[in-house]
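Welcome to my notebook. I am opening a structure that is new to both of us, so let us look things up together.

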Amino acid sequence: MIEPKIQHQLHPRLRPEAFPTPFCSGCGHGILLGAMVRAIDQTELDWDQMLFVSGIGCAAWIPSPHFAADTLHTLHGRPVAYATGAVLANPRLKVVVISGDGDLTAIGGNHLIHAARRNLPLTVVCANNRIYGMTGGQTAPTTCCGDITQTSPFGAEEQPFDLRRLMEGAGARFVARWTVFQIHPLIKTLTRALQFKGFSFVEAISPCPTHYGKMNKIPTLGDFRRIMKQTYLDKKKWEKLPIEEQEKFIPTGEWVGSLKTNLDQESRL
Ligand SMILES: Cc1ncc(C[n+]2csc(CCOP(=O)(O)OP(=O)(O)O)c2C)c(N)n1
Ligand SMILES: [Mg+2]
């Protein structure tokens, strides 16, 4: 074997034997992996008191086996359920779920909305590539109308979840969305989400060139970046647009605050 000439210094929170990652060329999940460890570096969190939980899918490989930490690589759709058990059993743990859009919002959707409603002390990071990547590119609840997938060869017909609205509606007090190309705000948001007391949810829009790109004729990562730059707009700019203009973009940013509803008061029969 030819030894590589340049030896990269691997981040100390990562397991050298786990590299190279299993991610395809151009997959955004590796960018999120890097963003996570950089965000954790900016917190005072005790690495030895952190637990990373994931389900099944390409995104579920982000913490496990790459993070040199305690990780739980669980069943498809069940990371939030495992994370709930872990944090109830040991409230001193900082429990972080990192998984895919299919895992968290399709089969695992109920666990996710109830964790938000119950304001469980968890940080959930959803790597959203708008597709079931690992199983060959089937439609997910996040697939946008018209998108070609293995199970929608003529274009997806159903409306996708807007995860920000879903989480807000379920009662989450910290909700955020960035694409992996908006790397600096993504790292800052992950830092804040990890330190938030209570439930926090971060959606990271991640390109899947292998399946999504191939089927929707987005050949390169550069093309993904260009399209995402046209589609996603910082909410500070988005909020200033007239309503008919707002519909053309997906806002990115943080939605943080007490999202009390009229139902929060007692006895509303
Ligand atoms: C109970 C069960 N149903 C279905 C599957 C097949 N399966 C494995 S991963 C996956 C989807 C993963 O998609 P996502 O969570 O979006 O992750 P990605 O691969 O896109 O990063 C499915 C359907 C499974 N492993 N277990
Ligand atoms: Mg996915």
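Which backbone nitrogen lies 2.5 Å from a polar atom of the side chain of Asp103? I looked, and the backbone nitrogen belongs to Gly77. A reminder to myself: this is a predicted model.

**Entry: where Asp103 sits.** I found Asp103 in helix α3, which runs over residues 101–107.

**Entry: partners of the side chain.** I did find a polar contact of 2.7 Å between the side chains of Asp103 and Ser99. Leaving out residues up to four places away in sequence, I listed what Asp103 touches: Gly55, Ile56, Leu75, His76, Gly77, Pro79 and Gly108.

**Entry: ligand 1.** How many residues surround ligand 1? I get 17, and the closest are Cys58, Asp101, Gly102, Asp103 and Gly133. Helix α3 gives the largest share of this shell, with 4 residues.

**Entry: polar atoms at the ligand.** I went through the backbone next. A backbone N or O atom of Asp103 is 2.7 Å from an oxygen atom of ligand 1. For Gly102, I noted 2.8 Å between a polar backbone atom and an oxygen atom of the ligand. Gly133 also places a backbone N or O atom 2.8 Å from a ligand oxygen. Last, I looked up the cover: of the 590 Å² of accessible area that ligand 1 has on its own, the protein covers 73%.

Methods:
Residues numbered from 1 in each chain as written. Chains lettered and ligands numbered in written order. Predicted model: local features only at pLDDT ≥ 70, side-chain atom pairs only at ≥ 80, totals over all residues. Heavy atoms only, no water. Helix = DSSP H or I, 4+ residues; strand = E, 2+ residues; numbered from the N terminus. Polar contact = N/O pair within 3.5 Å; in protein donor to acceptor, adjacent residues only side chain to side chain. Contact = heavy atoms within 4.5 Å. Near = heavy atom within 4 Å. Areas by Shrake-Rupley, 256 points an atom, 1.4 Å probe, with all protein chains shown as cover.
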